[in-house]
Amino acid sequence: MFKKGKKKLPPQRVGFRVRGQSQGQLQEADEAVSSPRYSALVCWLLTVYSQLGRAMTGWVQRAFQSTSSSAAAQPQHAVEEEHVTETVQQECPVCSYNEWDPLEEVIVGRAENAHVPPFTVEVKANTYEKYWPFYQKYGGQSFPADHLKKAVAEIEEMCNILSHEGVTVRRPEPIDWSLEYKTPDFTSSGMYAAMPRDILIVVGNEIIEAPMAWRARFFEYRAYRPLIKEYFRKGAKWTTAPKPTMADELYDQDYPIRTVEDRHKLAAEGKFVTTEHEPCFDAADFIRAGRDLFVQRSQVTNYMGIEWMRRHLAPDYKIHIISFKDPNPMHIDATFNIIGPGLVLSNPDRPCRQIDMFKKAGWTIVKPPTPLIPDDHPLWMSSKWLSMNVLMLDEKRVMVDANESTIHKMFESLGIKTIKVNIRHANSLGGGFHCWTTDVRRRGTLQSYFH
């Protein structure tokens, strides 16, 4: 036990007297306390004890509540409460493993201010000859205003219906796509943020930005960055694949397309407008089935891009390259659309060359009916087979074109309820429901469906 001595001490002086001490002993102790050696010891003890934690520090402060005059001249070691940031455990806002688990959150693209891409070699190789005059006339300009206005209204209604079905809808930022930009390798203007499926793919809790091949889409990621940063801050993984330079070497500048026959021949020979100069891919050339992803080499996705994804996702996921009898391969989801575990829509006009491996795995192959969209409806950036470009809300609900009555019957025969929406004018910009969306979160777990 310690207590203050009875002797009156000068200011800034403290003595300690143990019970039973003589007056002489007290005097010696008082002188010892006044020594510089003792003051240094006090400072050293304060430093040591402050590092032992708040509990020990409190004891030290009580024990040495006063100091000698020499110790008072030393810098004070204020003990501050350490600020501790604890990780808040919460559900990741990004989680999707396949195309059919119950949909909880989705990004829907924007048609606002959409511009026709400049008519460069990579665009020419991906569009049909009948529309070349359209690109030559409107390249770098806005899509026809009346048509665009109707497309905007259709997508707004689509968003309303998704919300009514219990899905959280998110949208990219409005961007001025008319602005011209220049890199050391090329000059271009922008296009749109209408098709999030082309630029974003979600694999588990990771959202990946694709290194797309069109120069008009070089800065498309800017429209999605606020959303992606929000997801990242809430726990999602965020990866941007290597951004291509899009230098002339990425494209076959003399790609010899004149007719559909030319396209068939070149595709059969494995020749595409994009080279292997650097990795590039559109996310829409991949389709997911749990631990297995299927991809095609196309006009916008090269083998280097596929290999980058293979290495990036290994060993948890496996990438399978498949191919089709397709004169203009670009985006897999209007050719081969997986709609359930072991259930796939396979385009009868573009048969899959590896279909036997799906049959051997026990999958059900469904051939959708011929599309009903009229020949005179403009499809500047796609084929009629957008009818099979559907969005599964879960295994028993599908968002499908309201005008395609024959495919409604097909889904009903499969026991799947159709959510009918008209996006006919939005189709003209290059996509169906699957293209116009990227599913951010589906309620499900990682499984294997392909053996």
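Two strands count as paired if DSSP finds at least two bridges between them. Helices (H or I, at least four residues) and strands (E, at least two) are DSSP runs, numbered from the N terminus. This is a predicted model, in which local features need pLDDT of at least 70 and side-chain atom pairs count only at pLDDT 80 or more, while totals for chains, interfaces and linings use all residues. Residues are numbered from 1 along each chain as its sequence is written, and side-chain values use heavy atoms, with hydrogens and water left out.

Select strand β16 (residues 391–394) together with β17; the two pair in the antiparallel sense over 3 bridges. A hairpin of 2 residues joins β16 to β17. To find one of the bridges, display Leu391, whose partner in β17 is Met399.

How many of the 5 residues of strand β17 are buried? Buried means under 20% relative accessible area, exposed over 50%, and partly exposed in between (1.4 Å probe, protein chains only). In β17 (residues 397–401), 5 of the 5 residues are buried, so the strand is largely enclosed by the rest of the structure.

**Second stop: helix α11**

Select residues 303–313, helix α11, and colour its buried residues: Gly305, Ile306, Met309 and Leu313. Seen down the axis of α11, these residues fall within an arc of 100°, so they line one face of the helix; the arc is that of the directions from the helix axis to the C-beta atoms. The buried residues of α11 pack against several strands, namely β7 (200–203), β8 (206–209), β10 (286–289), β11 (292–295) and β12 (318–321), where contact means heavy atoms within 4.5 Å.

Move to strand β3 (residues 103–108) and select Glu104. This residue counts as buried, at 19% relative accessibility. Neighbours within four places in sequence aside, Glu104 is in contact with Gly166, Val167, Thr168, Arg441, Arg442 and Arg443.

The structure holds 24 aromatic pairs. Rings of Phe, Tyr and Trp (its six-membered ring) pair if their centres lie within 6.5 Å; planes under 30 degrees apart count as stacked, over 60 as edge-to-face and the rest as tilted. Select Phe134 and Tyr138: their ring centres are 5.0 Å apart and their planes at 40°, so this pair is tilted. Both lie in helix α6 (residues 132–138), 4 residues apart, and are thus separated by about one helical turn. Phe134 is buried, at 12% relative accessible area, whereas Tyr138 is partly exposed, at 24%.

Now select Trp363 and Phe450, whose ring centres are 5.8 Å apart with planes at 90°, so the pair is edge-to-face. It links distant parts of the chain: Trp363 is in the loop between α12 (355–360) and β15 (364–366), and Phe450 is in the segment after β19 (437–442), 87 residues apart. Trp363 counts as buried at 7% relative accessibility, as does Phe450 at 12%.

Finally, display Phe119, Trp132, Phe134, Tyr135, Tyr138, Phe143 and Trp380, which form one aromatic cluster.
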